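Dear colleague,

Please find below the structure for your review. A summary of the findings follows it.

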Amino acid sequence: MHDAITVRALVKNYGDRRAVDELSFSVWRGEIFALLGPNGAGKTTTVEMLEGYRTPDSGEVRVLGLDPIRDGAELKQRIGVMLQSAGVYPTVTPLEILKLFHDFYRDAEDPHELIELVGLEESAHTRFRQLSGGQQRRLALAAALIGKPELLFLDEPTTAMDPQARHMTWDILQTLRDRGLTILLTTHFMEEAERLADRVAIIDHGRLLALEEPRVLTQTSAEEVQFSGPGGLDMALLNRLPSAHGAREERPGFYVMQTARPLDLLVELTTWGRDRGILLNDLRVGHESLEEVFLRLTGHELRE
C-alpha cells in the first residue's frame, strides 16, 4: 500500500466548537511529514485520532491500512508515539524504562542500542528527574522507537533541546527515514520542518490550508523582490524606481515589489536605501521562508 496514513473528510467536534473540519490528506510510506498550525488549529486532535486515542465524529481514517479505533491493539504494535510530556515515573532510569517498554512488544529493539542511538550512554543509570529537559526528550524518542515501529508520531520532538542535541536528533530522524520509517511530526520550529520534512501540511481552524514540499511552498514568483526594513517606508517613492512595477508593505517592516527586471531592481533598491541612510535587510528574489508562508496563511495574531 502506497499510503501510510489516509484521512478523508475528518470531523471532530467538542460541543459547539469544531476542532477538525472536513480535513483530508495522506502521508506516504517512507516520508517525513510535518503537520503545522498555530495553537488551537486542530493538530493535536487530528494526531490523537490517527493514534486511536480519540474517535472521529465523521470521516475516514486509515493508518497502516488499519482503523485506529477498531484495530487499535494491532496498530499499537506497529507505531511509535513520542509525546510532549514523557509521563515517566521520576525515579526510574533510562535503561530501566526502556527495558520495561521492551516487554510490551512482540519484537523490540535492544534497549542498550537505543541508549547509544540517542546519546544517553553516560546517563543510562541516572534517575529521570535528574535528566535535563533535552535528555528527557531524547529518552522519549528512544521509548517511541523501542517497538521497531513502521510509523513514528513525534509531537514537538526537539522542545527543550540545545542546538547540538537538536541537530543530532535531526540526523537520527533522517537516518530512520532513509531506512524506510515513516514519520509524522508536529513542531513550532519552522526551521525543523523545512530541514526535515519531505512534505508539509499547514492547517488552521481544523481545515487544510496548504500541502506541498517545503521548497514549493516557499517558492514565489521570480518577478518579486522581497526585503525587510523600517516600517512605514514611502510606497510612492519605491514605486518610482525605474524597474519597479508595484510595491506594497505586506506586514509592518516586510516589503514585496513587482518587477520584470529583478537584478536591476536589487541595484536600484540598495542605492535608494544607501542614499537615504535606510538599511534594507534580507533582500531576495522569489523566495519566502517557511515561517513567512506560515504567517501569511494563518495570520499574525497571538494564539494561546
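Two strands are taken to pair if DSSP finds at least two bridges between them. Please note that the model is a predicted one.

Strand β1, residues 3-14, runs antiparallel to β4, and five bridges join the two. One of the residues concerned is Thr6, whose bridge partner in β4 is Arg62.

These strands belong to an open sheet of three strands, ordered β2-β1-β4 and paired in antiparallel fashion. The edges are formed by β2 (17-28) and β4 (58-63); each has a single partner strand, so one side of each is left without a neighbour in the sheet. On average, neighbouring strands of this sheet are turned by 15 degrees against each other, direction ignored.

I turn next to the aromatic residues. How many aromatic pairs does the structure hold? There are three aromatic pairs. Among them is the pair of Phe25 and Phe33: the ring centres lie 5.5 Å apart and the planes meet at 15 degrees, so this pair is stacked, the cut-off for stacking being planes under 30 degrees apart. Phe25 and Phe33 are both buried.

Finally, two contacts between a charged side chain and a ring deserve mention. The charged end of Lys76 sits over the ring of Tyr53, at 4.7 Å from the ring's centre. Arg251 lies over the face of Phe254, and here the distance to the ring centre is 4.4 Å.

With kind regards

Definitions and conventions
Residues are numbered from 1 along each chain as its sequence is written. This is a predicted model: local features need pLDDT of at least 70, side-chain atom pairs count only at pLDDT 80 or more; totals for chains, interfaces and linings use all residues. Side-chain values use heavy atoms; hydrogens and water are left out. Helices (H or I, at least four residues) and strands (E, at least two) are DSSP runs, numbered from the N terminus. Axes are lines fitted to C-alpha atoms, for helices over the stretch in contact, and angles run from 0 to 180 degrees between N-to-C directions. Rings of Phe, Tyr and Trp (its six-membered ring) pair if their centres lie within 6.5 Å; planes under 30 degrees apart count as stacked, over 60 as edge-to-face and the rest as tilted. Buried means under 20% relative accessible area, exposed over 50%, partly exposed in between (1.4 Å probe, protein chains only). A charge sits over a ring if NZ of Lys or CZ of Arg is within 6 Å of the ring centre and within 35 degrees of the ring normal.
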